[in-house]
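Here is a quick tour of one protein model, meant to be read with the picture open beside you. Take a look at the fold before you read on.

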Amino acid sequence: MLMHLLCLLDCLQADPPDPSKIREEDIIGVTVLLLTCSYLGQEFVRVGYYVNNDYDDEQLKEEPPQKVLIDRVQRNILADKPRVTKFPINFHPENNDHGEQPHPPDHATETNEKDEEPSNSPDHPSDVQNL
């Protein structure tokens, strides 16, 4: 199911963010793109991609202008290294005797694109920062 979901996510397209809604100091640098999937109000999977926004020119990277030149910013999405977190949920609440939702788990399961638990390395930090 996970690989099918990742293939589906590969087909999604969306307009880029509106830079006028982003603080200028947050435009350049690393951020994250989060996609969540829910069923009956219960999140069951979260897919995160690291995104690096930087200038398309080496000189601009080394000596950035005081005002961000939006038309020179390029986005690099690390699409080949998604961080996937799966949450156990009750997909069949009608089968529950009392109609109660299950209690949230103590922890979620995080996997990479191959459904393996990722190592905690500089390429795969354990915590996502700057959400």
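Which residues make a nonpolar surface patch of about 290 Å²? They are Tyr39, Leu40 and Phe91. Keep in mind that this is a predicted model, where local features need pLDDT of at least 70, side-chain atom pairs count only at pLDDT 80 or more, and totals for chains, interfaces and linings use all residues. Residues are numbered from 1 along each chain as its sequence is written, and side-chain values use heavy atoms, with hydrogens and water left out.

**The overall layout**

- The protein chain has 2 helices and 5 strands, and along the sequence they come in the pattern α-β-β-α-β-β-β.
- Helices (H or I, at least four residues) and strands (E, at least two) are DSSP runs, numbered from the N terminus.
- Of the 131 residues in the protein chain, 23% are buried. Buried means under 20% relative accessible area, exposed means over 50%, and partly exposed is in between (1.4 Å probe, protein chains only).
- The protein chain's accessible surface is about 10,000 Å², and 49% of that belongs to carbon and sulfur atoms. Accessible areas come from the Shrake-Rupley method with a 1.4 Å probe, and for residues only the protein chains shown count as cover.
- Take the contacts in the protein chain between residues at least 6 apart in sequence: 57% of them join residues at least 24 apart. Contact means heavy atoms within 4.5 Å.

**The patch and the aromatic rings**

- Patches are made of residues with over 30% relative accessible area and no salt bridge; like charges are joined within 9 Å, and nonpolar side chains (Val, Leu, Ile, Met, Phe, Trp, Tyr) within 5 Å.
- Leu40, a patch member, sits in the loop between β1 and β2. Leu40 is exposed because its relative accessible area is 55%.
- Leu40 also has a positive phi of about 50°, although it is not a glycine. Most residues other than glycine have a negative phi.
- Tyr39, Phe44 and Phe91 form one aromatic cluster, and the structure holds 2 aromatic pairs. Rings of Phe, Tyr and Trp (its six-membered ring) pair if their centres lie within 6.5 Å; planes under 30 degrees apart count as stacked, over 60 as edge-to-face and the rest as tilted.
- The rings of Tyr39 and Phe91 have centres 5.6 Å apart and planes at 35°, so that pair is tilted. Tyr39 lies in strand β1 and Phe91 in the loop between β4 (83-86) and β5 (109-111), so the pair ties together parts 52 residues apart in sequence.
- The rings of Phe44 and Phe91 have centres 5.3 Å apart and planes at 65°, so this pair is edge-to-face. Phe44 belongs to strand β2, so here the linked parts are 47 residues apart in sequence.
- Buried or partly exposed? Phe44 counts as buried because its relative accessibility is 16%, while Phe91 counts as partly exposed at 35%.

**Inside the protein**

- The largest nonpolar core has 7 residues: Cys37, Phe44, Val45, Val47, Tyr49, Val84 and Ile89. Strand β2 (residues 42-55) gives the largest share of this core, 4 residues.
- A nonpolar core is a set of buried Ala, Val, Leu, Ile, Met, Phe, Trp, Tyr and Cys residues joined through side-chain atoms within 4.5 Å.
- Asn53 is in strand β2 too, and it is buried, with a relative accessible area of 14%. Leaving aside neighbours within four places in sequence, Asn53 is in contact with Ile27, Ile28, Gly29, Thr31, Val73, Gln74 and Arg75.

**Salt bridges**

- How many salt bridges does a search of the whole structure find? The search finds 6. A salt bridge is a side-chain nitrogen of Lys or Arg within 4 Å of a carboxyl oxygen of Asp or Glu.
- Lys67 and Glu24 meet in a salt bridge at 3.6 Å, N to O. This pair links distant parts of the chain, with Lys67 in the loop between α2 (58-62) and β3 (73-77) and Glu24 in the loop between α1 (2-11) and β1, 43 residues apart.
- Lys61 forms a salt bridge with Glu58, with the closest N and O atoms 3.8 Å apart. Lys61 and Glu58 are 3 residues apart in helix α2, so they are separated by about one helical turn.
- Arg23, Glu25 and Asp26 are linked in a network of salt bridges.
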